[in-house]
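Keep the structure open as you read.

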Amino acid sequence: MSILAAFMVPHPPMIVPDVGQGSEKQVIKTIRAYEQVADEIAALAPETIIITSPHSVMYADYFHISPGRRAKGNFGQFRAPQVKFDEEYDQKLTVKIAELAARQDFPAGLLGERDARLDHGTMVPLYFIRQKYTGAKIVRIGLSGLPLTDHYRLGEIIKEAVDKTGRRAVFVASGDLSHKLQTYGPYGFAPEGPRYDERIMDVCGRGAFGELFDFDETFCEKAAECGHRSFVIMAGALDGQAVKAAALSHEDVTGVGYGICTFYPEGEARDRHFLEQYLRAQEDRLARERANEDAYVRLARRSLETYILEHRKMRLPEGVPEEMLRVKAGAFVSIHENGKLRGCIGTILPTQDCVAQEIIENAVSAAVRDPRFDPIRADELPWLEINVDVLGEPEPISSPSELDVKRYGVIVSKGVKRGLLLPDLDGVDTVEQQISIAKSKAGIAEWDEHVKLERFEVVRHY
């Protein structure tokens, strides 16, 4: 038996009456839609409710599946400790998900439990469901900092585990929408907020799950969305299935978006293997881009591929353009995979005999020595996007007013501490942000204004 239905739901604690104390009446449409979802789940009478929650245990590079036999929780942190939960986990299904992930060398499992208590992203949906239906065990799964493609793959693994165990299961994707919808809201307003909510309700209302991959990471961050990765896991759990989708409600009166949609599988559909489609399209796009890479990027790619595949540093090859042999300069190599940074290391000033050698060295460092990431694996090589920034000579400046985030990079120094940020980066829109990030990289306190500023220009190669 596969997944019976899936539900996209929000998790604001204030819609629980004991927490809201009357304020929940602001979002009565959301409450009515939630009650409809609970009625529909009760009618399906599932054996298991699978819940993905942004507020469960979360790691940058791993999906945590809550282990054990039971878990408890309450709304004490929201001044309603009397609203309690004592839930039994479906251990057979959780173990099967973990087993399948391990077989596929996929980063998900039962390790890393930091807090066994149920989180509010899990308890809010359960509050409404348990009013109507008490007959199911649960599976609770956290999100990760991994790409959307990995979230979709986790959904596929969950689907396979449900099929293999024969469970009658429903999937509840817990997640609020944008947190920046109103100026009076707790998180303020950003123009990306309403755009995110409009897009996600349209996409999910049509069941057009392939379009979930089209949401740029920077756009989602600016919108301060909460549930996108949760929704992508749900989409993966419905992979290859035609679905009857319905948008039940959307509200933004509190400044946070609450959207509720339902999805009922209607049989196999060959055209709904969305991850396969996305990866094929990405492969075609990357092949076209590789064909047009300039000599700087080709050299960086060849260097890191040689190191990862042959476990050696390449020598300076023949045919390198004369300018790369003649010029000495600092250079940064940046690597992205599926739209997310995968490694970036460089030199502010030249350390090698020429910029070509600088690129060879820094490409290897970016691939395997960036402390923020695990070393790049051979299976990732086809999916990497690389760019090379060749730095101009840094020049001292006396004021942030002499910076321009699109044109200039910045170097912030205090004593031996030094932090650099390249120009024209996604998500860095102001000089204040640029300086703040550079300070953070240097380990300089945000409030410390007694710093040395330098600016530099780059030539960016793709």
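A salt bridge is a side-chain nitrogen of Lys or Arg within 4 Å of a carboxyl oxygen of Asp or Glu. The whole structure holds 33 salt bridges. This is a predicted model: local features need pLDDT of at least 70, side-chain atom pairs count only at pLDDT 80 or more, and totals for chains, interfaces and linings use all residues. Residues are numbered from 1 along each chain as its sequence is written, and side-chain values use heavy atoms, without hydrogens and water.

Start at strand β5 (residues 80–88), where D86 pairs with R70 of strand β4 (residues 70–75), 16 residues apart. Strands (E, at least two residues) and helices (H or I, at least four) are DSSP runs, numbered from the N terminus.

E87 forms a salt bridge with R130 at 2.5 Å, N to O. This pair joins strand β5 to helix α4 (residues 120–132), 43 residues apart. E87 is buried (under 20% relative accessible area; exposed is over 50%, partly exposed in between; 1.4 Å probe, protein chains only). Its value is 6%. R130 is buried too, at 16%.

Now turn to R272, in the loop between β10 (258–268) and α9 (274–291). R272 is buried yet has no salt bridge. The nearest side chain of opposite charge (Lys and Arg count as positive, Asp and Glu as negative; His and the chain ends are not counted) is that of D271, 5.7 Å away. The R272 side chain does reach the backbone oxygen of G207, at 2.7 Å.

Terms used. Polar contact = N/O pair within 3.5 Å; in protein donor to acceptor, adjacent residues only side chain to side chain.
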